[in-house]
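Here are my notes on the model, in the order I'd go through them. Have a look at the picture before reading on.

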Amino acid sequence: MGADAKTAMKVEMTDAAARRIAKIVSGEAGKTALRVSVEGGGCSGFSYKFDLVDARNDDDVAIEKDGATVLIDDLSLVYMGGSVIDFVDDLMGQSFQIKNPNAVASCGCGTSFSI
């Protein structure tokens, strides 16, 4: 895999997301990371799933920042390459949002997309 392909597969998280993930994980006994995965379904074709986990799998890519760890499996990474994981706290509420350059359409809830 060339340097361009590796860069395209990279996923980042914002400072706000890292702070929120670290806070959530610290409050959950035995949990060490937030797993983000892509599943078929949702109103736009694919949806994001968020889980607190206590272990890494062999095919996980780990993104670490400021004491927070996000795990993404190889298959989900194909759909999420180049994305930025953010945590938004605004008038509409608090939520993790994924800014995915591969998505050509998304739903209003921000957890479903199509490619």
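1. Start with strand β1, which runs parallel to strand β6 (residues 84-90), the two being joined by 2 bridges. Strands here are DSSP runs of E with at least two residues, helices are runs of H or I with at least four, and both are numbered from the N terminus. Two strands pair if DSSP finds at least two bridges between them. Glu12 sits opposite Val84 in β6, and Met13 faces Ile85 in β6.

2. Before the rest, the ground rules. This is a predicted model, with residues numbered from 1 along each chain as its sequence is written. Local features need pLDDT of at least 70 and side-chain atom pairs count only at pLDDT 80 or more, while totals for chains, interfaces and linings use all residues; side-chain values use heavy atoms, with hydrogens and water left out.

3. How far does the confidence go? The mean pLDDT of the chain (the predictor's confidence in each residue, from 0 to 100) is 84, and 81% of the residues reach 70 or more. Residues 1-6 have a pLDDT below 50, and beyond near neighbours in sequence this stretch has 2 contacts in the model (heavy atoms within 4.5 Å). Where pLDDT is low, the predicted coordinates should not be read in detail.

4. Now the overall layout. The chain has 3 helices and 9 strands, and from the N terminus on the elements run α-β-α-β-β-β-β-α-β-β-β-β. Among contacts between residues at least 6 apart in sequence, 51% join residues at least 24 apart. Of the 115 residues, 35% count as buried (under 20% relative accessible area; exposed is over 50%, partly exposed in between, with a 1.4 Å probe and protein chains only).

5. Back to the sheet. It is open, with 3 strands in the order β1-β6-β7 and mixed pairing. The edge strands, each pairing on one side only, are β1 (12-13) and β7 (93-99). Helix α2 (residues 15-26) packs on this sheet and touches β1, β6 and β7, its direction making about 80 degrees with that of β6. That angle is taken between N-to-C directions on a scale from 0 to 180 degrees, with axes as lines fitted to C-alpha atoms, for helices over the stretch in contact.

6. A hairpin through 2 residues joins β6 to β7. Which residue in β7 is the bridge partner of Ile85? That is Ile98.

7. Strand β4 (residues 60-65) and strand β5 (residues 68-73) pair in the antiparallel sense over 6 bridges, and Asp60 has Asp73 in β5 as its bridge partner. Asp66 lies in the loop between them, where 2 residues separate the strands. Asp66 has a positive phi of about 50 degrees although it is not a glycine. Most residues other than glycine have a negative phi. Is Asp66 buried or exposed? Asp66 counts as exposed because its relative accessibility is 60%.

8. Next, Ser37 in strand β2 (residues 33-40). With a relative accessible area of 10%, Ser37 is buried. Leaving aside neighbours within four places in sequence, Ser37 is in contact with Ser47, Tyr48, Lys49, Asp73 and Ser76.

9. Finally, the aromatics. The count comes to 3 aromatic pairs, where rings of Phe, Tyr and Trp (its six-membered ring) pair if their centres lie within 6.5 Å; planes under 30 degrees apart count as stacked, over 60 as edge-to-face and the rest as tilted. The rings of Phe46 and Tyr79 have centres 4.7 Å apart and planes at 40 degrees, so this pair is tilted. Phe46 belongs to strand β3 (residues 46-53) and Tyr79 to helix α3 (residues 74-80), so the pair ties together parts that are 33 residues apart in sequence. Phe46 is partly exposed at 22% relative accessible area, and Tyr79 is partly exposed at 25%. Ring pairs also link Phe50, Phe87 and Phe96 into a cluster.
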